[in-house]
Amino acid sequence: MSAADTQHQPSAVSSRSTLGIVPATALVMGSVIGTGVFLLPAAFAPYGPISLVGFGLAAVGAVALALTFGALARRDPGAGGPYSYARSTFGALPGFLAAWFYWITAWVSRAGMVVGWIVYVEVFVNTDRNVIGSMVIGMVGLWLPAAINISGLRNMASVQVLTTVLKLIPLVIISTVGLFFIDWSLLTPFDLSGEAPLAAIVSCMALAVFAYLGVETASVAAGRVRNPRRNVPLASLLGTLACTAVYLMSTLVVFGTVSNADLQAPGAQPFVLSFDAMFGGSWAGYAVAIAAIISGFGAINGWTMVCAEISQVAAREGLFPKHFARESDRGIPVFGIVLSTGLASLLVVIGFVGQAGVGVFTVMVLLAGLSAAVPYGLSALALIDISRRQSTRTPGALWWLDGAVATVAVGFVILIIYGAFTAEGTRMNLLWMSLAALVVGLLIFYRMARKAKSPSGTAPGST
């Protein structure tokens, strides 16, 4: 690669920047909170209330990760987030790997989100769960957000703010009003896992970390954010803290209003059961379904944007094919949106084609979380390296505080890897698919490197 690879400059902030602190925070919250939050208490039910401890400790790691991205954004406010931080600190190959694996995370996550979204849409339509009908609903769930993103950043931001506000209404209700309905006897026994308490807590932490994928989205979209040195750190922290509050309080209320046996029943919908216990009536199921539909749609909308952003920034600097860098008249990287949405659509189809397809789909969803560990880990290590190198120049104690926060973030990343590889029945498949993703990524990287060295090539780092 050229000398520009080791002298990477922060990407310029787009002149089309329109995201202020509110839509940037909504991007974080909307990307983190999808349909999974509505089923999370059921996943914790086999462990009992001790899962709240694990959830809380995972939240500490998520906040540390948000602070890590905020600290890095203050130093490098350009677009690309994890890609930009990894490349400027460690060079072209680590930067590419951060972008490559984040790109995989972003489109695979959308496929997973839309499958959960389909379940709630089918409360109202395609109630007999016809496979073709389910796939059609899934295509709508993927391509409608893609169309909104292509129509312009302002439209995308408006939808993101609106869906975030609407999805928070039932979560805030259950997190506040629900406190008055808690039957504290339902919170005993505290540990139902049958494991040692520490083992149960670690298992719950591993489950919870996947609920926080997306805390970095404001940094990825920094090129679209006004005053990114201020707004990206604020949006990352505020969005993560708000998600944490909603997650912990709503899970507590569900545990305190629904019996553990009911939560562990096949097909249990924790929020529906909790609303029924508090208010009665059959309307609760429909209300929760509507909330989940809105929540999932907002998450897909946000991830559609950040998926295209990360590939566009890498393409501008010669590490992704140039097609990803092209913009429409409205300043939108249409190619990246269309390609990633097409790949997510293909994965949804695979997920609905027989039992084998479902197995592949499950492994791919876990691959999304494992892929995120690469850009997350490189970003945390970048802050540790920066803190070490600047320790004699940074005023006060900020250098060691940044290093400490980044070290906690590294622990969070290790939990993500642990959670992925301890999922029952998927370890070897996940390992092979991870290796395949790495090999394909390296082939693309070295192809782009050879192209950059050719007389007609564009040197990496140029635009």
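User: Among contacts in the protein between residues at least 6 apart in sequence, what percentage join residues at least 24 apart?
Analyst: The structure is a predicted model. Its secondary structure consists of 17 helices and zero strands. For contacts between residues at least 6 apart in sequence, the share that joins residues at least 24 apart is 83%.

User: How far apart in space are Ser-84 and Ser-379, C-alpha to C-alpha?
Analyst: Ser-84 has its place in helix H4, residues 82-90. In sequence, 295 residues separate Ser-84 from Ser-379. In space, their C-alpha to C-alpha distance is 9.0 Å.

User: Is Ser-84 buried or exposed?
Analyst: The relative accessible area of Ser-84 is 0%. Buried means under 20% relative accessible area, so Ser-84 counts as buried.

User: Are H1 and H10 parallel, perpendicular or oblique to each other?
Analyst: Helix H1 (residues 21-32) packs with helix H10 (residues 228-257) at an angle of about 45°, and their axes are 8 Å apart. Roughly parallel requires an angle under 35 degrees, and roughly perpendicular one of 65 to 115. H1 and H10 are therefore oblique.

User: How many residues of the contact of H1 with H10 are nonpolar?
Analyst: Helix H1 contributes residues including Ile-21, Val-28 and Met-29, while those of H10 include Leu-234, Leu-238 and Tyr-247. In the contact of H1 with H10, five residues are polar and no residue is charged. The nonpolar residues number 11.

User: What percentage of the accessible surface of the protein belongs to carbon and sulfur atoms?
Analyst: Of the 463 residues in the protein, 56% are buried. The accessible surface comes to about 18000 Å². The part belonging to carbon and sulfur atoms is 69%.

Conventions. Residues are numbered from 1 along each chain as its sequence is written. This is a predicted model: local features need pLDDT of at least 70, side-chain atom pairs count only at pLDDT 80 or more; totals for chains, interfaces and linings use all residues. Side-chain values use heavy atoms; hydrogens and water are left out. Axes are lines fitted to C-alpha atoms, for helices over the stretch in contact, and angles run from 0 to 180 degrees between N-to-C directions. Helices (H or I, at least four residues) and strands (E, at least two) are DSSP runs, numbered from the N terminus. Angles under 35 degrees count as roughly parallel, over 145 as roughly antiparallel, 65 to 115 as roughly perpendicular and the rest as oblique. Contact means heavy atoms within 4.5 Å. Ala, Val, Leu, Ile, Met, Phe, Trp, Tyr, Cys and Pro count as nonpolar, Asp, Glu, Lys and Arg as charged, and the others, Gly among them, as polar. Buried means under 20% relative accessible area, exposed over 50%, partly exposed in between (1.4 Å probe, protein chains only). Accessible areas come from the Shrake-Rupley method with a 1.4 Å probe; for residues, only the protein chains shown count as cover.
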